[in-house]
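Here are a few friendly notes to read with the model open beside you. Take them in any order you like.

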Amino acid sequence: MTLTALALSVALSGCVTPALDSGAFRQNARGAVGSGLSETSTAALVVEQVLADRVTDAVADTSLSNCEDAIGPIEDSFGKVQPPHGRDDSLRTDVLDTLGDADTAIADARIAARRDDTEGLQQALTDLDAVITDFEQLEQGLG
(Lines give C-alpha, C1' and ligand atoms only; values in the text may rest on other atoms or scores of the structure.)
Protein backbone atom coordinates (compact mmCIF):
# COMPACT_ATOMS: atom_id res chain seq x y z
CA MET A 1 0.00 0.00 0.00
CA THR A 2 3.00 2.33 0.39
CA LEU A 3 3.44 2.38 -3.39
CA THR A 4 -0.23 3.28 -3.76
CA ALA A 5 0.15 6.14 -1.30
CA LEU A 6 3.21 7.41 -3.17
CA ALA A 7 1.41 7.21 -6.53
CA LEU A 8 -1.57 9.04 -5.07
CA SER A 9 0.68 11.71 -3.63
CA VAL A 10 2.28 12.26 -7.03
CA ALA A 11 -1.11 12.36 -8.74
CA LEU A 12 -2.46 14.83 -6.21
CA SER A 13 0.50 17.15 -6.54
CA GLY A 14 -0.84 18.09 -9.98
CA CYS A 15 -4.17 19.08 -8.45
CA VAL A 16 -2.82 21.78 -6.15
CA THR A 17 -1.03 23.90 -8.73
CA PRO A 18 -2.83 27.08 -9.72
CA ALA A 19 -4.83 26.85 -12.92
CA LEU A 20 -3.69 29.88 -14.89
CA ASP A 21 -5.64 28.93 -18.00
CA SER A 22 -8.26 26.46 -19.16
CA GLY A 23 -5.62 23.99 -20.34
CA ALA A 24 -4.02 23.84 -16.90
CA PHE A 25 -7.43 23.52 -15.27
CA ARG A 26 -8.35 20.65 -17.59
CA GLN A 27 -5.04 18.97 -16.71
CA ASN A 28 -5.91 19.27 -13.01
CA ALA A 29 -9.34 17.81 -13.77
CA ARG A 30 -7.74 14.89 -15.64
CA GLY A 31 -5.56 14.12 -12.63
CA ALA A 32 -8.49 14.24 -10.22
CA VAL A 33 -10.69 12.13 -12.49
CA GLY A 34 -7.94 9.54 -13.04
CA SER A 35 -7.23 9.26 -9.33
CA GLY A 36 -10.94 9.11 -8.46
CA LEU A 37 -11.52 6.44 -11.09
CA SER A 38 -8.65 4.38 -9.71
CA GLU A 39 -9.92 4.48 -6.12
CA THR A 40 -13.51 3.79 -7.16
CA SER A 41 -12.47 0.88 -9.37
CA THR A 42 -10.41 -0.58 -6.54
CA ALA A 43 -13.39 -0.31 -4.18
CA ALA A 44 -15.65 -2.01 -6.73
CA LEU A 45 -13.15 -4.84 -7.14
CA VAL A 46 -12.99 -5.30 -3.37
CA VAL A 47 -16.79 -5.42 -3.12
CA GLU A 48 -16.95 -7.98 -5.93
CA GLN A 49 -14.43 -10.11 -4.04
CA VAL A 50 -16.37 -9.77 -0.78
CA LEU A 51 -19.59 -10.82 -2.50
CA ALA A 52 -17.76 -13.83 -4.00
CA ASP A 53 -16.37 -14.65 -0.52
CA ARG A 54 -12.78 -14.38 -1.80
CA VAL A 55 -11.34 -11.95 0.76
CA THR A 56 -11.31 -11.79 4.52
CA ASP A 57 -13.25 -9.17 6.43
CA ALA A 58 -9.97 -7.57 7.52
CA VAL A 59 -8.70 -7.24 3.95
CA ALA A 60 -12.01 -5.80 2.77
CA ASP A 61 -12.17 -3.33 5.65
CA THR A 62 -8.58 -2.16 5.17
CA SER A 63 -8.90 -1.87 1.39
CA LEU A 64 -12.19 0.01 1.45
CA SER A 65 -10.97 2.29 4.25
CA ASN A 66 -7.85 3.09 2.23
CA CYS A 67 -9.97 3.94 -0.83
CA GLU A 68 -12.19 6.15 1.29
CA ASP A 69 -9.18 7.85 2.90
CA ALA A 70 -7.71 8.53 -0.55
CA ILE A 71 -10.80 9.97 -2.25
CA GLY A 72 -11.26 12.84 0.23
CA PRO A 73 -7.91 14.52 -0.46
CA ILE A 74 -8.47 14.21 -4.21
CA GLU A 75 -11.79 16.00 -3.81
CA ASP A 76 -10.31 18.62 -1.47
CA SER A 77 -7.30 19.34 -3.69
CA PHE A 78 -9.29 19.72 -6.88
CA GLY A 79 -11.94 21.78 -5.09
CA LYS A 80 -9.31 24.34 -4.14
CA VAL A 81 -8.32 24.97 -7.76
CA GLN A 82 -10.22 27.97 -9.02
CA PRO A 83 -11.45 27.71 -12.60
CA PRO A 84 -9.73 30.43 -14.63
CA HIS A 85 -12.87 31.24 -16.67
CA GLY A 86 -16.60 30.97 -16.17
CA ARG A 87 -16.76 28.44 -19.00
CA ASP A 88 -14.73 26.06 -16.79
CA ASP A 89 -17.24 26.15 -13.93
CA SER A 90 -19.34 23.28 -15.27
CA LEU A 91 -16.26 21.04 -15.50
CA ARG A 92 -15.42 21.87 -11.90
CA THR A 93 -18.97 21.03 -10.83
CA ASP A 94 -19.01 17.76 -12.79
CA VAL A 95 -15.68 16.58 -11.37
CA LEU A 96 -16.53 17.54 -7.79
CA ASP A 97 -20.00 15.98 -8.01
CA THR A 98 -18.53 12.72 -9.30
CA LEU A 99 -15.82 12.71 -6.63
CA GLY A 100 -18.53 13.30 -4.01
CA ASP A 101 -20.58 10.43 -5.42
CA ALA A 102 -17.48 8.23 -5.28
CA ASP A 103 -16.85 9.19 -1.67
CA THR A 104 -20.43 8.31 -0.73
CA ALA A 105 -20.44 5.00 -2.64
CA ILE A 106 -17.11 3.93 -1.12
CA ALA A 107 -18.30 4.83 2.39
CA ASP A 108 -21.53 2.88 1.81
CA ALA A 109 -19.46 -0.11 0.66
CA ARG A 110 -17.25 0.08 3.75
CA ILE A 111 -20.24 0.27 6.07
CA ALA A 112 -22.01 -2.64 4.34
CA ALA A 113 -18.83 -4.73 4.44
CA ARG A 114 -18.37 -4.12 8.16
CA ARG A 115 -21.99 -5.10 8.77
CA ASP A 116 -21.75 -8.17 6.54
CA ASP A 117 -24.75 -6.69 4.69
CA THR A 118 -25.02 -8.50 1.36
CA GLU A 119 -27.86 -6.33 0.05
CA GLY A 120 -25.97 -3.20 1.05
CA LEU A 121 -22.85 -4.49 -0.71
CA GLN A 122 -24.83 -5.23 -3.87
CA GLN A 123 -26.30 -1.72 -3.82
CA ALA A 124 -22.85 -0.24 -3.16
CA LEU A 125 -21.47 -2.16 -6.14
CA THR A 126 -24.26 -0.80 -8.34
CA ASP A 127 -23.47 2.72 -7.11
CA LEU A 128 -19.72 2.24 -7.58
CA ASP A 129 -20.26 0.97 -11.13
CA ALA A 130 -22.39 4.05 -11.91
CA VAL A 131 -19.67 6.34 -10.58
CA ILE A 132 -17.05 4.48 -12.62
CA THR A 133 -19.15 5.12 -15.72
CA ASP A 134 -19.38 8.82 -14.80
CA PHE A 135 -15.60 9.02 -14.34
CA GLU A 136 -15.02 7.28 -17.68
CA GLN A 137 -17.32 9.74 -19.43
CA LEU A 138 -15.50 12.66 -17.83
CA GLU A 139 -12.18 11.14 -18.84
CA GLN A 140 -13.33 10.80 -22.46
CA GLY A 141 -14.54 14.40 -22.48
CA LEU A 142 -11.19 15.59 -21.20
CA GLY A 143 -9.39 13.74 -24.00
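Predicted model: local features only at pLDDT ≥ 70, side-chain atom pairs only at ≥ 80, totals over all residues.

1. A helix makes 3.6 residues a turn, so positions three or four apart point the same way.

2. Beyond its neighbours within four places in sequence, Leu128 is in contact with Thr40, Ala43, Ala44, Val47, Ala105, Ile106 and Ala109. Take Ile106: 22 residues separate it from Leu128 in sequence, and the C-alpha atoms are 7.2 Å apart.

3. How far apart are the end C-alpha atoms of H5? They are 36 Å apart, and this agrees with the 36 Å that 25 residues should span at 1.5 Å a residue.

4. Asp117 caps the N-terminal end, with a side-chain oxygen 3.3 Å from the backbone nitrogen of Glu119. After the helix comes Gly143, which has a positive phi, near 60 degrees.

5. Finally, the aromatics: a search of the whole structure finds one pair. The ring centres of Phe25 and Phe78 are 5.4 Å apart and the planes are at 40 degrees, so the pair counts as tilted. Because Phe25 is in helix H2 and Phe78 in helix H3 (residues 57-79), the pair ties together parts 53 residues apart in sequence. Phe25 is buried, at 0% relative accessible area, and Phe78 is buried at 0%.

Methods
Residues numbered from 1 in each chain as written. Heavy atoms only, no water. Contact = heavy atoms within 4.5 Å. Helix = DSSP H or I, 4+ residues; strand = E, 2+ residues; numbered from the N terminus. Expected span 1.5 Å × (residues − 1). Polar contact = N/O pair within 3.5 Å; in protein donor to acceptor, adjacent residues only side chain to side chain. Phe/Tyr/Trp six-rings, centres within 6.5 Å; stacked < 30°, edge-to-face > 60°. Buried < 20%, exposed > 50% of the residue type's maximum accessible area, 1.4 Å probe, protein only.
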